[in-house]
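Here is my note on the model, point by point. Please keep the structure open beside it while you read.

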Amino acid sequence: MKIGRLQKTSLLDYPEEVSAIIWTVGCNFHCPFCYNKDLLNGNVKTYLEEDIISFLKKRKGMLDAVSIGSTQRRRNRHATGHTEKWSGILRPQRVQLELSA
């Protein structure tokens with residue numbers, strides 16, 4: 001999974017809870033209203049999964065949830081394996097996981 005952006009703190013996705021948002025790179029749609037156009041073709045600095053995992057472990061007890069912002073194409077092709085992997089990392093920390101498009 002190519003990670004193109006990390007929003008370390010969000011109060012929007014989970015009302016009354018603190019979350020982080022991980023944004024993936026790439027999309028086969030080019031919606032005119034997309035607010036992440038820089039992530040479409042992958043011309044952004046990417047993060048290593050190990051760095052994101054390290055960040056999330058440091059935030060243990062501070063984050064209530066993590067949302068993985070994905071595109072429809074990536075969601076359909078890669079969601080299951082990555083969701084299971086990230087669930088395994090976050091479950092011991094009692095952090096909710098959401099895969100969103």
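**Notes on the fold, its core and its loops**

1. Start with Leu 63, which sits in the loop between α1 and β3. Helices here are DSSP runs of H or I with at least four residues, strands are runs of E with at least two, and both are numbered from the N terminus. Leu 63 is buried, at a relative accessible area of 5%. Buried means under 20% relative accessible area, exposed means over 50%, and partly exposed lies in between (1.4 Å probe, protein chains only). Leaving out neighbours within four places in sequence, Leu 63 is in contact with Lys 8, Val 18, Ser 19, Ala 20, Leu 56 and Val 95. Contact means heavy atoms within 4.5 Å. Leu 63 and Gln 96 are 33 residues apart along the chain, and their C-alpha atoms are separated by 9.0 Å.

2. A word on the basis. This is a predicted model, where local features need pLDDT of at least 70 and side-chain atom pairs count only at pLDDT 80 or more, while totals for chains, interfaces and linings use all residues. Residues are numbered from 1 along each chain as its sequence is written, and side-chain values use heavy atoms, with hydrogens and water left out.

3. Overall layout. The chain has two helices and four strands. From the N terminus the order of elements is β-β-α-β-α-β. The chain has 101 residues, and 40% of them count as buried. Among contacts with a separation of 6 or more, 66% link residues 24 or more positions apart. The accessible surface is about 6300 Å², with 52% of it on carbon and sulfur atoms. That area comes from the Shrake-Rupley method with a 1.4 Å probe.

4. The sheet. Four strands form an open sheet in the order β1-β2-β3-β4, with mixed pairing. Twist from one strand to the next averages 15°. Strands pair if DSSP finds at least two bridges between them.

5. Strand pairs. β1 and β2 (residues 19-24) run antiparallel and are joined by five bridges. In this pair, Ile 3 stands opposite Thr 24 in β2. β2 and β3 are parallel, again over five bridges. There, Ile 22 stands opposite Ile 68 in β3.

6. Which faces of β3 are covered? Both are: Ala 65, Ser 67 and Gly 69 are buried on one side, and Val 66 and Ile 68 on the other. In a regular strand, side chains alternate between the two faces of the sheet. The count for β3 is five buried residues of five.

7. The core. The largest nonpolar core holds 15 residues, and those with the most contacts inside it are Ile 22, Ile 52, Leu 56, Val 66 and Trp 86. β1, β2, α1, β3 and α2 (72-90) each supply at least two residues of this core. The largest share, four residues, comes from α1. Such a core is a set of buried Ala, Val, Leu, Ile, Met, Phe, Trp, Tyr and Cys residues joined through side-chain atoms within 4.5 Å.

8. What does Trp 86 contact, leaving aside neighbours within four places in sequence? The list is Met 1, Ile 3, Ile 22, Glu 49, Ile 52, Ile 53, Leu 56, Ile 68 and Leu 97.

9. Cysteines. There are zero disulfides, counted as pairs of cysteine sulfur atoms within 2.5 Å. The sulfur of Cys 34 has its closest cysteine sulfur in Cys 31, at 6.5 Å, so it is too far for a bond. Cys 31 is partly exposed at 28% relative accessibility. Cys 34 is also partly exposed, at 25%.

10. Tyr 47 lies in the loop between β2 and α1 and is partly exposed at 30% relative accessibility. Beyond its neighbours within four places in sequence, Tyr 47 is in contact with Ile 3, Gly 4, Arg 5, Leu 6 and Ile 52. Glu 16 is in the loop between β1 and β2. Glu 16 is exposed, with a relative accessible area of 84%. Please check its backbone: Glu 16 has a positive phi of about 65°, although it is not a glycine.

Methods
Axes fitted to C-alpha atoms, helices over the stretch in contact; angles between N-to-C directions.
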